[in-house]
Amino acid sequence: MNGLLQKVYDFVDERIDLKTLEAKMMNEPIKGGSRWAYVFGSCLLFIFIMQVITGILLMFYYIPSADHAYASTQYIIHEVDYGWFILSYHFWGSSAMVVMVFAHMSQVFLWGAYKKPREMIWLVGLVLFVIVMAFGFTGYLLPWDQRAYWATTVGVEIMDKTPIVGDFLARFLKGGPTPGQMTLSRFFVIHVMILPAALMGLAGLHLFLFRSAGPAGPFRGTPEELRAKTDFFFPRQVWKDIVAIAVVFLTICSLAFIEPVQLLEQATPDPGDYHPEPEWYFLFLFQMLRLKVFSGELGQFVAGVAIPGAFLLLLAALPFIDRSPERNIFKRPIALLSWTVVTIGILVLTVSAILNREFLE
Amino acid sequence: MAHPVESISSIKLAWAVSWSAFWTGFPFKLIVALLLLAGQVHPWEGAGLVTLLVVSVPIDIWAVGLTARTVFLERLGMEVQGPVGVTLWWQGAVLGALVLGGAYYVVGTTVAVGRKIAAAIIALIKNVYPTLPIAEQITLELLLWTIPTAIVVLVCVLIWLQLFGWCVKRFVVTSGQTTSASLLERVRQWDYARVPADPTLVLVSFAGVIVTLTVVFWVLLPVTTPTPHPDYPLPPVEKAAKPVKPEELIKKTEATLEKAEAVLTALEKEKSKETKKGKGK
Amino acid sequence: MASLQPKIKSKVRCVDGEVGEIVHVIADPLSLDVSHIVVRANGTERQVPVSAIGAIRGESVELTCNAAQFSGFPELKRQDYVSSKEVEIPHLENRIHVEPGELLVPFPELEKNCARRSFFAGFINVIGALIALPLVWPVLRYIMKPMYVPYDNHWIKIGNISKVKAEDVGVQYIFKKSFKDSVLQREEDKNHWMVKASPETLKKIYPHGDIHFYDEKGEIIWVNKQTVPYVAFSGKCPHLGCGYKWRSHKTRGQVFLCPCHLSIYDVAGTVLDGPAPRPLDVLPIKVSASGDIEVIDVEYKAGRKEQIRIA
């Protein structure tokens, strides 16, 4: 068996120089050695692949029509063997992706790995971040229960408040003036075809740019320390990546067991007793919109679109504003402070949104 | 000449050892927790929690031993003989139990008092500013009691780290010997120590354990959702169909057929009568 | 200061004379600059730090030391280095203009241990199995759920025997079959052929006596008695499932004729001509007292000599 494998390997190697290709891909020396802090990017890739696999499986039974979306989702949960597990994995995987995106972005920010010469990797990464949030937003509608329908309706209405392009954007997403079959079809196509293609293309670009620039490595350490610990991407960093991936996989499975997906009633134009709410990673924005200072049409636009948009633009401008080559986070007080404030702010607003539920009863 | 342990603070040393040890043991505990969950047992309460804690003991002892030896070698340039894991583990566990007991009381009090004070402050604000909106009130109240609580929790953690750090330092001073190896050699030493003497045996056993646990997982995993909806009852177990007795069936069929033929003949007679009548008219 | 760009095959001179030529250039992966040149002199290859280079003039390099000091430089340990082709260090070959293959970089200390490399490579595979293996069984069951559904054995009323006027003539019964198709409740038009068989035809239809019908467990669910003249043939041709017709043939008289591949059956369902592998399939039939016909809509695999029930 080994001899046969070796023969196949030699056959391919003779034609495409597989040995050199392998060496180039695997023997990337990492200054200061492989690190657990570098695993978040690979974890993101794994979560995405699992979402594609579970998503494709769900498409075996899901029917994207307003008549049957709910029934077919319930069919997956209640009638297909292990359907509840596949759907719950897909649901919790999407939450895991958002958490991991935040972890990855934070790690890159704190390590100063957005600075020269890595500006383009950072910019492509920001677009990837927006795509991940769009995935969460579009996928949420597909079960077509009350929670899905109303979270989407509220979200699209917020976008409508954007001046000039708001109405066009809202009508494009809804496929009309009001939400209905066209909304579901559009969200389905965007979620299943457009966003995956965009993500795969940009992730490829992100990886190519990363390999061109090389890993930034640790932000402190004498050359002697860095040299002593240097090792190759394969096997040590790959091993750390795959252990982290296994932990992520087991965690998502555990969440699927602890809280399997349960649908509310089928979507109706009357919310009844149900209080519309977006998915948890948008709750902080949702709570911000509730603040008195943002009441009124202009206020809703500012809180819902302008502030998040401005924040993204600030992040995009970051490598060009912050040109200091210092990468040690403990020597960059503004960066450390801003990251802490933003993270705690998001956390506090999210918890506030959860506490606010009691006041709505 | 200062002892190498002086080069690092107790808190930093304790952090280096315990943070790494926690994450080293985590994947194994996660596998146990997942198997409990697949068997519909909650790992955070009752029998599940007891199982998890019992299993954690050997895992943590191994993890603490591994990370402590690595930190001592690389950061302090010291080698330690003897049972590193067991010694440091029980010391850390005893300290943890003490600090946890104290922290439970202190943090609990802080939360209770903090929430009362926060509510009082909000009431005060509302006296001056009656139209304080709900959203703002919620966030303000939350911040008022979580900030002191967070500080208290942080202090408790630092206390444990400081105490544990002293234990670790004392252990290193009494049981450790300095090594004269260069940084490169020390890094190589702890890195190569990760490679077992018989890699094939270790890998094959790992693979065997994984295959076994996977099969257990498959057996435990519920086929239908553990949270069924009342509108979607499970398909009822089919009642045993009454076995068909061929002779009875044949007799029944013959009887029915005779009746049917009789009905048909009667109908045809009727029809021909009517046609005759019709022709006659 | 521009980085030094010594060329392979350049002649190397000490202050007191020529010593040899450059055979390798060694770069530091951290600074991406040349750290040493390797000079072959009298058959030995010596590693000379760049600090010893005085000047580079085209194809010749001048060292600041003399020949005696030169012999003090260490010999190259080739196993401590890898060529730049075997590693991935971004921008290295842009900065140092040397023919690829002769630019060397230090081989990381930790990577020199083969056992370490193969152990972790194996470990990666084992953890990969930890992730992939648990999914195999649930995913297979998930995909296969609708593939082997139990047989549908319920009786469907398709019409009344009053439609059959004569013996040994095929009469088509078209009916609507209502069924649950995953989450959809659907209705399909189906057809079967009824024959009121004469005793000779009946003997041809039931050559081995009564026909028994079984469920998946092997239990009998119905028996068609050979004396009952009413016979229902499945409307699907046993060749490939097409719908066949009752037609007058040029030479064979009235027959069942399938338009797809021209299988021809007589009124007893026996194959007269064409690619049909077996005679027309007989369905379980029940006739009520008022003449209502009920059948079980049994389906068999097309194209096989034996009857293999699929629905």
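## Basis of the description

The model is predicted, and local features are reported only at pLDDT of at least 70, side-chain atom pairs count only at pLDDT 80 or more, and totals for chains, interfaces and linings use all residues. Residues are numbered from 1 along each chain as its sequence is written, while chains are lettered from A and ligands numbered from 1 in the order in which they are written.

## Contacts of chain A with chain C

In the contact between these two chains, 41 residues of chain A meet 30 residues of chain C, where two residues are in contact if their C-beta atoms, placed from the backbone, lie within 7 Å. On the chain A side, at least two residues each come from elements that include helix 2 (18–26), helix 5 (83–110), helix 9 (181–213) and strand 2 (231–232); helices (H or I, at least four residues) and strands (E, at least two) are DSSP runs, numbered from the N terminus.

Helix 11 of chain A gives the most to this side, with 9 residues. By class, the side of chain A that touches chain C holds 25 nonpolar, 8 polar and 8 charged residues, with Ala, Val, Leu, Ile, Met, Phe, Trp, Tyr, Cys and Pro counted as nonpolar, Asp, Glu, Lys and Arg as charged, and the others, Gly among them, as polar.

## Contacts of chain B with chain A

Here 28 residues of chain B and 33 residues of chain A take part in the contact. The elements of chain B that give two or more residues to the side touching chain A are helix 1, helix 4 (134–175) and helix 5 (183–192), and the largest share, 8 residues, comes from helix 1 of chain B. This side of chain B divides into 22 nonpolar, 5 polar and 1 charged residues.

In helix 12 (residues 283–290) of chain A, the buried residues are Phe284(A), Leu285(A), Phe286(A), Gln287(A) and Met288(A); a residue is buried if 20 or more other C-beta atoms lie within 10 Å of its own, exposed if 12 or fewer, and partly exposed in between, with C-beta atoms placed from the backbone.

## Helix packing within chain B

Helix 1 (residues 10–38) and helix 6 (residues 199–220) of chain B pack at an angle of about 25 degrees, with their axes 8 Å apart; axes are lines fitted to C-alpha atoms, for helices over the stretch in contact, and angles run from 0 to 180 degrees between N-to-C directions. The two helices of chain B are therefore roughly parallel to each other, a term used for angles under 35 degrees. Ile31(B), Leu35(B) and Ala38(B) of helix 1 make the contact with Leu213(B), Val216(B), Phe217(B) and Leu220(B) of helix 6, and these residues divide into 7 nonpolar, no polar and no charged.

Val216(B), which lies in helix 6 of chain B, is partly exposed, with 13 other C-beta atoms within 10 Å. Val216(B) and Thr149(B) are 67 residues apart in sequence and 42 Å apart in space, C-alpha to C-alpha.

## Domains

Chain B is divided into domain 1 (4–220) and domain 2 (245–276), with bounds that come from an automatic or database domain assignment; the centres of these domains of chain B, taken over C-alpha atoms, are separated by 87 Å. For chain C the assignment gives domain 1 (11–112) and domain 2 (155–296), and the C-alpha centres of the two domains of chain C lie 91 Å apart.

## Sheets and hairpin of chain C

Three strands of chain C form an open sheet in the order 10-11-14 with antiparallel pairing, where two strands pair if DSSP finds at least two bridges between them. Strand 10 (170–181) and strand 14 (230–234) of chain C are the edge strands, each pairing on one side only. Strand 10 and strand 11 (residues 184–196) of chain C pair over 12 bridges in the antiparallel sense, and Asp181(C) stands opposite Leu184(C) in strand 11.

A further open sheet of chain C has 4 strands in the order 15-16-17-18, again with antiparallel pairing. Strand 15 (245–249) and strand 18 (271–273) of chain C stand at its edges, each with a single partner strand, so one side of each is left without a neighbour in the sheet. In the hairpin of strand 12 and strand 13 of chain C, which has 5 residues between the strands, Gly218(C) takes a positive phi near 95 degrees.

Methods. Parallel < 35°, antiparallel > 145°, perpendicular 65-115°, else oblique.
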